[in-house]
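Morning, everyone. I have one structure to walk you through. Have a look at it first.

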Amino acid sequence: VHGSYRSYLNEGLLRREKGSLERVLGEPIVAIRQHYLNLAVPTTWQLQHKVGFRLDSSFGKLNELGFPENRFWPFRPEGVDILCVPLVIADAALLQGRRKVSEVRAGIRAVLSQAAQNRALVTALWHQRFLNPREFPVLWDTYCWLIETAKAMGAWFGLANDLLGIWEGSRV
């Protein structure tokens, strides 16, 4: 679920959004990322857990590349049974300051290098509109380059359910 702007503090809204998507898909939804990474710690995680989410990827920064609070792996916040997956690379961070492609790629390369050194998990948020090579050729090319570079470094790729299954030692 991509939680709506105000849902991070509204249990009823979270429940409705989750329920609507589950009805359409016909299966349970266990993962969420809040819009604009809206997050009130620990309240949002408590509400998400209460509604039935098991994984959240709202912990991070939209305007900076890198590991928030130097967290290289998912974690469970104290007292809340939800897996928090830090957001490491956000497309919005690449748009800050109208940087050159070479600068953007150098920043991403630095993150991937730090990840390799720490055997860390890197998550990337790319909004679907930027996956249009006609309107956003630089962001499209950067996305492709990111995937190719990470693959060349031996990266594992997966979905939230895959990660949750691995982390919990079972299949979701």
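Where is Leu37 found? Leu37 sits in the loop between β2 and α2. Keep in mind that this is a predicted model.

Leu37 has a phi near 55 degrees, a positive value, and the residue is not a glycine. Is Leu37 buried or exposed? Its relative accessibility is 9%, so Leu37 counts as buried; the cut-off for buried is under 20%.

β2 covers 31-34 and α2 covers 43-51, and Pro42 has its place in the loop between them. The peptide bond from Val41 to Pro42 is cis. Its omega is near 0 degrees.

Now another loop. Asn70 lies between β3, 55-56, and β4, 83-84. Asn70 is not a glycine either, and its phi is positive, about 55 degrees. Buried or exposed, in the case of Asn70? At 54% relative accessibility, Asn70 counts as exposed, because the cut-off for exposed is over 50%.

On to the sheet. What is the strand order? The order is β1-β2-β3-β4, in an open sheet of four strands with parallel pairing. β1, residues 2-3, and β4 are the edge strands, and each of them pairs on one side only. Between β2 and β3 there are two bridges, in the parallel sense. Take Ala31: its bridge partner in β3 is Leu55. Which strands does α2 touch? α2 packs on the sheet and touches β2, β3 and β4. The direction of α2 makes about 145 degrees with that of β2.

Last topic, the helix pair. In general, two packed helices are described by the angle between their axes and the distance between the axes. Here, helix α1 is residues 11-25. The axes of α1 and α2 come within 9 Å. They cross at roughly 45 degrees. That makes α1 oblique to α2. And the hand? The crossing of α1 and α2 is right-handed.

Which residues meet there? From α1, we have Glu11, Leu14, Arg15 and Lys18. From α2, they meet Leu47, Gln48, Lys50 and Val51. By type, the residues of this α1 and α2 contact divide into three nonpolar, one polar and four charged.

To recap the backbone points. Leu37 has a positive phi and is buried. Asn70 has a positive phi and is exposed. The bond from Val41 to Pro42 is cis. Over to you for questions.

How values were computed:
Residues are numbered from 1 along each chain as its sequence is written. This is a predicted model: local features need pLDDT of at least 70, side-chain atom pairs count only at pLDDT 80 or more; totals for chains, interfaces and linings use all residues. Side-chain values use heavy atoms; hydrogens and water are left out. Buried means under 20% relative accessible area, exposed over 50%, partly exposed in between (1.4 Å probe, protein chains only). Two strands pair if DSSP finds at least two bridges between them. Contact means heavy atoms within 4.5 Å. Axes are lines fitted to C-alpha atoms, for helices over the stretch in contact, and angles run from 0 to 180 degrees between N-to-C directions. Angles under 35 degrees count as roughly parallel, over 145 as roughly antiparallel, 65 to 115 as roughly perpendicular and the rest as oblique. A crossing is left-handed if the near helix is turned anticlockwise from the far one by less than a right angle, and right-handed if clockwise. Ala, Val, Leu, Ile, Met, Phe, Trp, Tyr, Cys and Pro count as nonpolar, Asp, Glu, Lys and Arg as charged, and the others, Gly among them, as polar.
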